[in-house]
Amino acid sequence: MHQRLHLRSRPLRTLVLGLLGLSLYAYYRNTYYGASQYTVPRNVSQPPFQEVYKQSNTSIEHHVAVSSSRSNSPEPSVVGAYNSQNSTNLSSSVITVQSTSSSSSQTLSSANVSVAVSKQSSEKPLNETKEVSAPVNEYSARAIYEAGHMVPIPEKCPNFGKEMDLVIIIMSAPTHLEARMAIRQTWGHFGQRSDISILFMLGATLDSKVETILKKEQKTYNDVIRGKFLDSYSNLTLKTISTLEWVDNYCSKVKFLLKTDDDMFINVPRLQAFTVKHAKDRNVIFGRLAKKWKPIRNKKSKYYVSQAQFKNAVFPDFTTGPAYLLSSDIVRKLYGAALDQIYLKLEDVFVTGIVADKLGITRTHANEFLNKKISHSACNVQRSISIHMVKYSEQFDLWKKLLDGKSECK
């Protein structure tokens with residue numbers, strides 16, 4: 001019996017070797033095939049730097065800065081700005097992978113998106129993969145814009161603005177509390193009227209202390225709309241798109257929309273008189289008209305525009321960004337067309353120039369829109385609609401010259 005179990009026994013050796021070989025095969029098979037379930041498939045139809053992944057509970061905005069000839073430029077072609085704000089509020093994500101590769105060249109075209117759908121049944125599980133074609137331009141505003149608002153306050157435009165003449169939405173930044181307070185205590189007072197609404201538009205902030213202050217401010221004044229984008233200079237266009245979306249969703253029957261900034265003094269009585277005068281005008285944007293402005297091609301400039309973003313030598317005429325007035329009939333089509341346009345961070349050029357020109361919207365110069373820094377004389381204040389580069393401490397002086405009846409314009 002002892003001799004039969006000895007390792008020199010040929011049958012025993014064969015059995016041991018067989019079991020050893022089977023064990024090695026099973027280990028190799030499990031290792032090779034089991035690893036695939038932990039890998040993330042990549043869209044091989046695009047170079048790595050152009051891949052876009054969507055994950056939940058993170059919002060990321062980016063603006064595209066594509067050089068006109070990638071093969072000659074070693075610089076990154078896509079710039080990303082990350083926002084990891086509240087997971088409960090920012091529900092979708094767009095992550096753009098950045099690369100310095102210069103060997104790939106690809107035109108702006110539609111992307112084929114593969115969607116893996118897993119269905120579960122009470123009888124047996126089924127894994128199913130479906131191919132879905134989505135004609136999305138990866139450089140368009142639609143690719144980076146998340147629709148909706150974290151704080152919408154629709155009650156600020158009752159009955160969709162049917163009884164309202166004017167809604168003024170002020171572009172502000174999370175840290176500009178003093179500027180908002182100065183406006184509330186001066187020309188923002190006109191927002192108490194039933195025919196006018198004056199609101200602020202903000203994005204998300206990564207600073208938890210600032211967010212706490214904003215929540216307290218919102219609870220106190222309830223006049224701040226919060227969009228689903230990271231509040232930054234590069235995302236100013238997203239802020240304006242968010243403004244158009246809000247008006248389209250909640251205030252579509254108002255007669256006019258004024259988009260302005262928190263360093264502006266707005267002569268609301270004169271603005272309202274202007275809207276009454278132009279009450280029948282449609283398909284129009286009023287403001288300070290900028291003509292024949294050329295794109296800046298210097299990559300070191302804050303205002304750099306690549307050939308891929310805008311190829312023409314001259315921008316379409318546009319109204320400058322500090323303040324412009326839109327007839328409400330153009331809000332919806334501006335919003336929709338803006339989403340499908342190649343993204344540009346110069347919001348006034350983008351919205352009132354490129355997109356408006358594409359839609360055949362009239363841009364009209366109005367002398368009352370000064371949109372620049374001027375001397376704060378009583379005449380300038382009383383005769384203008386918008387004055388730019390006003391410090392929050394200066395709002396009170398301008399307000400006094402507008403309303404106290406003593407600072408007469410001679």
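1. A word on naming before we start: helices (H or I, at least four residues) and strands (E, at least two) are runs assigned by DSSP, and they are numbered from the N terminus. Please also keep in mind that you are looking at a predicted model.

2. Let's begin with the loop between β7 and β8, where Ile153 is found. The phi of Ile153 is near 35°, a positive value in a residue other than glycine. As background, most residues other than glycine have a negative phi. Is Ile153 buried or exposed? With a relative accessible area of 4%, Ile153 is buried, because buried means under 20%.

3. Cys157 also sits in the loop between β7 (149-151) and β8 (166-171). A disulfide joins Cys157 to Cys251, with an S to S distance of 1.8 Å. The structure holds one disulfide. The two cysteines link distant parts of the chain: they are 94 residues apart, and Cys251 is in the loop between α5 (236-250) and β11 (256-261).

4. Why is this disulfide called right-handed? The torsion about the S-S bond of Cys157 and Cys251 is about 70°, so the disulfide is right-handed. Both ends are covered: Cys157 counts as buried at 3% relative accessibility, and Cys251 is buried too, with a relative accessible area of 0%.

5. Next, have a look at strand β9 (residues 196-204). Nine of its nine residues are buried, so β9 is largely enclosed by the rest of the structure. On one side of the pairing list, β8 and β9 run in the parallel sense and share six bridges. Within that pairing you can find Ile170 opposite Phe200, the latter in β9. To get from β8 to β9, the chain passes through helix α3 (residues 177-184), and this β-α-β crossover is right-handed.

6. Strand β9 has another parallel partner, strand β10 (residues 224-230), and four bridges connect them. Two residue pairs are handy landmarks here: Phe200 stands opposite Val224 in β10, and Leu202 has Arg226 of β10 as its bridge partner.

7. How many residues of β10 are buried? Seven of its seven residues are, and β10 is mostly covered. β10 also pairs with β7: these two run antiparallel and are joined by two bridges. In this pairing, His149 has Gly227 of β10 as its bridge partner.

8. Now for the outside of the model. Leu17, Leu20 and Leu24 make a nonpolar surface patch of about 330 Å². Leu24 belongs to helix α2 (residues 10-34). With a relative accessible area of 54%, Leu24 is exposed, because exposed means over 50%.

9. Lys292 has a relative accessible area of 67% and is exposed, whereas Ile153 from point 2 is buried at 4%.

Methods:
Residues are numbered from 1 along each chain as its sequence is written. This is a predicted model: local features need pLDDT of at least 70, side-chain atom pairs count only at pLDDT 80 or more; totals for chains, interfaces and linings use all residues. Side-chain values use heavy atoms; hydrogens and water are left out. A disulfide is a pair of cysteine sulfur atoms within 2.5 Å. Buried means under 20% relative accessible area, exposed over 50%, partly exposed in between (1.4 Å probe, protein chains only). Patches are made of residues with over 30% relative accessible area and no salt bridge: like charges are joined within 9 Å, nonpolar side chains (Val, Leu, Ile, Met, Phe, Trp, Tyr) within 5 Å. Accessible areas come from the Shrake-Rupley method with a 1.4 Å probe; for residues, only the protein chains shown count as cover. A salt bridge is a side-chain nitrogen of Lys or Arg within 4 Å of a carboxyl oxygen of Asp or Glu. Two strands pair if DSSP finds at least two bridges between them. A crossover is right-handed if, with the strands pointing away from the viewer, the path from the first strand over the helix to the second runs clockwise.
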